[in-house]
Amino acid sequence: MILTAVLIPPALLLLIIAMDRLEDRILSAPEAPRHARPRGRLRLLSGRGAGNPSDAEDADDALPEVAA
């Protein structure tokens with residue numbers, strides 16, 4: 001009987017707090033959706049393209065030589 005008297009009030013307090021937070025979340029106005037930032041184009045070969053001018057000069061050196 002004493003165990004019940006000791007455990008029920010904290011359990012009820014936790015239940016009330018949880019329900020209050022849930023109610024606030026449900027009844028609040030919806031937030032604006034977050035949009036992903038724009039992504040750049042994928043590059044298959046590093047050092048190629050106008051986006052990296054320092055590597056563009058050395059682009060021929062980056063390719064492996066093929067023995068004929």
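Which residues make the nonpolar surface patch of about 710 Å²? I shall come to that after a word on the model.

This is a predicted model, in which local features need pLDDT of at least 70, side-chain atom pairs count only at pLDDT 80 or more, and totals for chains use all residues. Residues are numbered from 1 along each chain, and side-chain values use heavy atoms, without hydrogens and water.

The chain holds three helices and zero strands, where helices are DSSP runs of H or I with at least four residues and strands are runs of E with at least two. Mean pLDDT, the predictor's confidence from 0 to 100, is 76 for the chain. Confidence is highest in α1, at 94, and lowest in helix α2 (residues 53-56), at a mean of 51. Where pLDDT is low, the predicted coordinates should not be read in detail.

Now the patch: I8, L12, L15, M19, L22, I26 and L27 make it. Its members have over 30% relative accessible area and no salt bridge, with nonpolar side chains joined within 5 Å. One of them, L12, lies in helix α1 (residues 2-27). L12 is partly exposed, at 46%, that is, between the buried limit of under 20% and the exposed limit of over 50% (1.4 Å probe).

Conventions: Patch = residues over 30% accessible without salt bridge, like charges linked within 9 Å, V, L, I, M, F, W, Y side chains within 5 Å. Areas by Shrake-Rupley, 256 points an atom, 1.4 Å probe, with all protein chains shown as cover. Salt bridge = Lys/Arg side-chain N within 4 Å of Asp/Glu carboxyl O.
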